[in-house]
Protein chains: 2
Amino acid sequence: MSAVTKPSRRIGGRAARVAQREADSKMAHIDMPAEGYSGGQYKPLSDHDVSRIHTSALHILETVGMGMMGDITEGAKKILEMGGELSDQRRILFPRALIEDMLATTTKSWTLHGLDPDNNIEISHKGAHYGTAGGAVEILDFETGIYREPTLDDLYDSARLIDTLPNIHWCYRPLIARDMPDVDALDINTAYALLSGTTKPWGITLGSAENVKKAISMFDMVLGGEGRFKSQPSCHMVQGAGVPPLRFANDRCIIKEEAIRQGMPIMIASAPQAGATSPAALAGTIVQVVAEVLAGLTYANAIAPGHPCNFAAWPFVSDLRTGAMSGGSGEQALLAAAVAQMSDFYGLPSSVPAGMADSKLPDAQSGAEKAYTTALAGLAGANMVHESAGMHASLLGFALESLVIDNDMLGNVQRLIRGIEVTDETLSTHVIEDVILKGPGHYLGHDQTLGLMESEYHYPALADRATPREWQENGAKDIVARAKTQVRATLSSHYPSHIDPKLDAEIRARFDIRLPESHMTSTGGRW
Amino acid sequence: MSAVTKPSRRIGGRAARVAQREADSKMAHIDMPAEGYSGGQYKPLSDHDVSRIHTSALHILETVGMGMMGDITEGAKKILEMGGELSDQRRILFPRALIEDMLATTTKSWTLHGLDPDNNIEISHKGAHYGTAGGAVEILDFETGIYREPTLDDLYDSARLIDTLPNIHWCYRPLIARDMPDVDALDINTAYALLSGTTKPWGITLGSAENVKKAISMFDMVLGGEGRFKSQPSCHMVQGAGVPPLRFANDRCIIKEEAIRQGMPIMIASAPQAGATSPAALAGTIVQVVAEVLAGLTYANAIAPGHPCNFAAWPFVSDLRTGAMSGGSGEQALLAAAVAQMSDFYGLPSSVPAGMADSKLPDAQSGAEKAYTTALAGLAGANMVHESAGMHASLLGFALESLVIDNDMLGNVQRLIRGIEVTDETLSTHVIEDVILKGPGHYLGHDQTLGLMESEYHYPALADRATPREWQENGAKDIVARAKTQVRATLSSHYPSHIDPKLDAEIRARFDIRLPESHMTSTGGRW
């Protein structure tokens, strides 16, 4: 049995129960079916385009294949045993049959667990889910509005904020806690901040195979004992194991292998930059990234056939005039949507990056950049949309208030993906005849209107729909001002209590936890 | 010959020529092919859904038809002569054959002219074009940030700002000049502000049949003489002639008839509000609005077969909790995209509303609302996207700085519609082989990269792509601050001079023009 308590019993008596109910009401669950709403209504590529890209990617895998930076790894050896070939240039070439065998056997669906099962999400090539990814190296300071280095406190705060936001489906660590002294402290404390901050699924990037073991042993403690993580994986990793163009990196492959052995679901990612580490032609970048991800999937399945994996083509765009990455460009939206469509063509679950604003702060620029990238990704059939909340400056920056703003936007985006239901009833011919030929000539108060008010329409929590006059009377606030109010209210009160204090003490005894207990209560005075 | 001079010769000598060159450089032309980029990659409805909606709309036209508010009009009489039937409830019923005949004969393509032919746009059921529509009754004051009533000066300023913005393809009057004493002064001065403010195509809503004649006689003067407008229509009108649900209004029909006789292209619009004047079920609202627009098109073609018209289904969403219109909702984006798809099914040019933010000012809320509504409309195949720049508060409000911000966003949106080119060359297999097997292992400086830098990528004018550090060093400005700088620079210098002073004097002699000449020069001190 899990050692996680729900609700927890940190404090006793009636006051405690009231406090708990309030806390529970803020622990908003995911606001859609666990399998998500199905995209695919948007197809940036024609069927013929898809087929040509697929054929070209197979050709590249046969003729160019993947280089290996460093010694040949165990996974690479297995690929060679399974039919891969080592070229004169020490490149691993993938015959078409090897890729086709992998496509037939690789996992088509899996579950990403939350500590609270109501937050589980079902991953396949159908539904769309939205969450964060990493890892910003700067944060827009909530008080000063000036960028600074993020801390472990910021990470914990972002996790418990996400815990309350129904349209963000997991908490991948969105920022790097730069107050940690080394990679070991960073990895362990990142894991701890996630598991203590939210009962939604987690995501983490770890710096060594040893830290994969350590993090999972900590997750096991929370999940109820050794081996529990493997049976209900609650944390995933974006791990490319490659360095574009078309190379495996020995050190990353070793981390990936360990994560697979430990049962951690992997986003098999490749993140080339068009015009720098992949062709400047968008179609050419898609060909290369598809080849890289197919190679990475073959690698993962060579280690553990059927391991939970996503096709995670993450092609990036840079501004070719300056070399600066542009996560908010139209080209970025097209690339993410196109690779989601490619993954759908293979019938595989996908991960794509979207929501990466170029803008440094939540303004009209970031609003537009985030909206068209996240909407088109989901409508093109993406299954896990990473980087979809909180991010700025093309992943260099992060803002707490943007989590709240983006959660609101993602509610609308999920409404778009849900689409229009067309049935005998919704076509409403009888309602129209009724209202006009027999009725009052309007639909206000009609049974259908009252019946559909809640189900057909999504009501955002933060977006303002008042008239100019009402809005001015209410203080003429923009969405940032409203979001900041919500951030402060949440972070000053929502200190999740799903980890039993006894268990917390055991974790602290076993691991070098740097998050002070005093920072994890409302009396700590941080907010 | 046109009396419009290009460049004009208001002032003489070298200084004048320099000034003229500067003015010309700011008179940015439309930044895409005249026929627009082709959408259709996004299909919110399945083919089966489309077919059922079409059948249901025909059924409604046969059984419920259109009521008539007021006396039966000339157009309605013609419909009855052509096979329409008057029901016991005094409703005009449309047999299926009547609609099918109209669909076969109605215009499939036409040209909306600019005063400068480089600004002409070609309208069909293929390309997407973006522009403004009306009509805000409040403006966010540029200096104070407080909403106030708009003036004729504001309208003239918005026209000349649009004149410089390459991704806004026409200037429909976006606001109501509320300093005009009556509808006649409003109509005439609105026409004048448009024609003197921009050489892009215009759009106007007029309050009487008499004013249609007057406005077109003014346009004729500018175009070179009586009858010129008819041969090169440079102004269009959104004119529904109906009052949902399913009624013609006598007074609006009379305006529409006059506009058709005068050769003015018409957006055959119907704008029901789901849950109030059309069913709360989105599919039902689509059925009703399709029926209304098919009836309106039949009406227009009864007056003048083949007259330039667009299928302008404008279904609106209101927040059913409060009754407030919500132009920025996900449901609004779905409805606009779906009716664009219906129009495409008929092979007709369409107009849909998108870009209507609920937000009262250009913030992250408005950025998101505008982006997903305008992107999905174009991707679904909309041909003229009205309301796509400058609008706030679900069409109640307008902001000059939002024209500049939205122009930037629309550049990205048009890049999305342009899509990904897949050819032997762009698939880049030879480039990939070349770079990795023989070359430097990266694509920087490759011939393909240098060759595609300008053509494959769109570079926004206003969006900031700097790092947090660079951005902070540059003053940490949000997009509103940058847009305001551009508005001020443009409006203090760009006073279009395409109307010859002699012609201007003739217009002023013939019409009651309220825009002071002193407000139309940089020495006027308004900016």
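Trainee: What share of the residues in chain A is buried?

Mentor: In this predicted model, buried residues make up 60% of the 527 residues in chain A.

Trainee: Why are strand 10 and strand 16 of chain A said to stand at the edges?

Mentor: They belong to an open sheet of five strands with the order 10-11-12-14-16 and parallel pairing. Strand 10 (171-172) and strand 16 (309-313) each have a single partner strand, so one side of each is left without a neighbour in the sheet.

Trainee: How do you know that strand 10 and strand 11 of chain A pair?

Mentor: Pairing calls for at least two bridges. Strand 10 and strand 11 (residues 202-203) of chain A are joined by two bridges in the parallel sense, so they meet that cut-off. Cys171(A) stands opposite Trp202(A) in strand 11 of chain A.

Trainee: Let us move to chain B. Why is strand 16 of chain B called largely enclosed?

Mentor: Five of the five residues of strand 16 (residues 309-313) of chain B are buried, so the strand is largely enclosed by the rest of the structure. Cys309(B), Phe311(B) and Ala313(B) point one way, Asn310(B) and Ala312(B) point the other way, and all are buried.

Trainee: Which strand pairs with strand 16 of chain B over five bridges?

Mentor: That is strand 14 (residues 266-270) of chain B, in the parallel sense. Within this pairing, Ile268(B) has Phe311(B) as its bridge partner.

Trainee: What makes strand 14 of chain B largely enclosed?

Mentor: Five of the five residues of strand 14 of chain B are buried, so the rest of the structure largely encloses this strand. Ile266(B), Ile268(B) and Ser270(B) cover one side, with Met267(B) and Ala269(B) on the other, and all are buried. Strand 14 of chain B also pairs with strand 12 (residues 235-238) of chain B, in the parallel sense over two bridges. There, Met237(B) has Ile266(B) as its bridge partner.

Trainee: How do you know that Leu361(B) is buried?

Mentor: Count its neighbours. Leu361(B) has 25 C-beta neighbours inside 10 Å, and the cut-off is 20 or more, so Leu361(B) counts as buried. Leu361(B) sits in the loop between strand 18 (351-353) and helix 12 of chain B.

Trainee: Which residues is Leu361(B) in contact with, leaving aside its neighbours within four places in sequence?

Mentor: They are Asp478(A), Leu140(B), Ser366(B), His392(B) and Ala399(B). As for His392(B), that residue stands opposite Gly397(B) in strand 21 of chain B. Strand 20 and strand 21 (residues 397-398) of chain B run antiparallel and are joined by two bridges. Both are part of an open sheet of four strands with the order 9-8-21-20 and mixed pairing. Strand 9 (147-148) and strand 20 (391-392) of chain B are its edge strands, as each pairs on one side only.

Trainee: How many residues does each chain give to the contact between chain A and chain B?

Mentor: The contact takes 104 residues from chain B and 104 residues from chain A. On the side of chain B, helix 12 (residues 364-379) gives the largest share, 10 residues. By class, that side has 55 nonpolar, 31 polar and 18 charged residues.

Trainee: Why is the largest nonpolar core said to lie between domain 1 and domain 2 of chain B?

Mentor: This core has 330 residues, and those with the most contacts inside it include Tyr372(A) and Tyr372(B). Domain 1 (1-51 + 109-419 + 460-516) and domain 2 (52-105) of chain B both give residues to the core, so it lies between them. Leaving aside neighbours within four places in sequence, the contacts of Tyr372(B) include Tyr372(A), Leu416(A) and Ala333(B).

Definitions and conventions
Residues are numbered from 1 along each chain as its sequence is written. Chains are lettered from A and ligands numbered from 1 in the order in which they are written. This is a predicted model: local features need pLDDT of at least 70, side-chain atom pairs count only at pLDDT 80 or more; totals for chains, interfaces and linings use all residues. Two residues are in contact if their C-beta atoms, placed from the backbone, lie within 7 Å. Ala, Val, Leu, Ile, Met, Phe, Trp, Tyr, Cys and Pro count as nonpolar, Asp, Glu, Lys and Arg as charged, and the others, Gly among them, as polar. A residue is buried if 20 or more other C-beta atoms lie within 10 Å of its own, exposed if 12 or fewer, and partly exposed in between; C-beta atoms are placed from the backbone. A nonpolar core is a set of buried Ala, Val, Leu, Ile, Met, Phe, Trp, Tyr and Cys residues joined through C-beta atoms within 7 Å. Domain bounds come from an automatic or database domain assignment.
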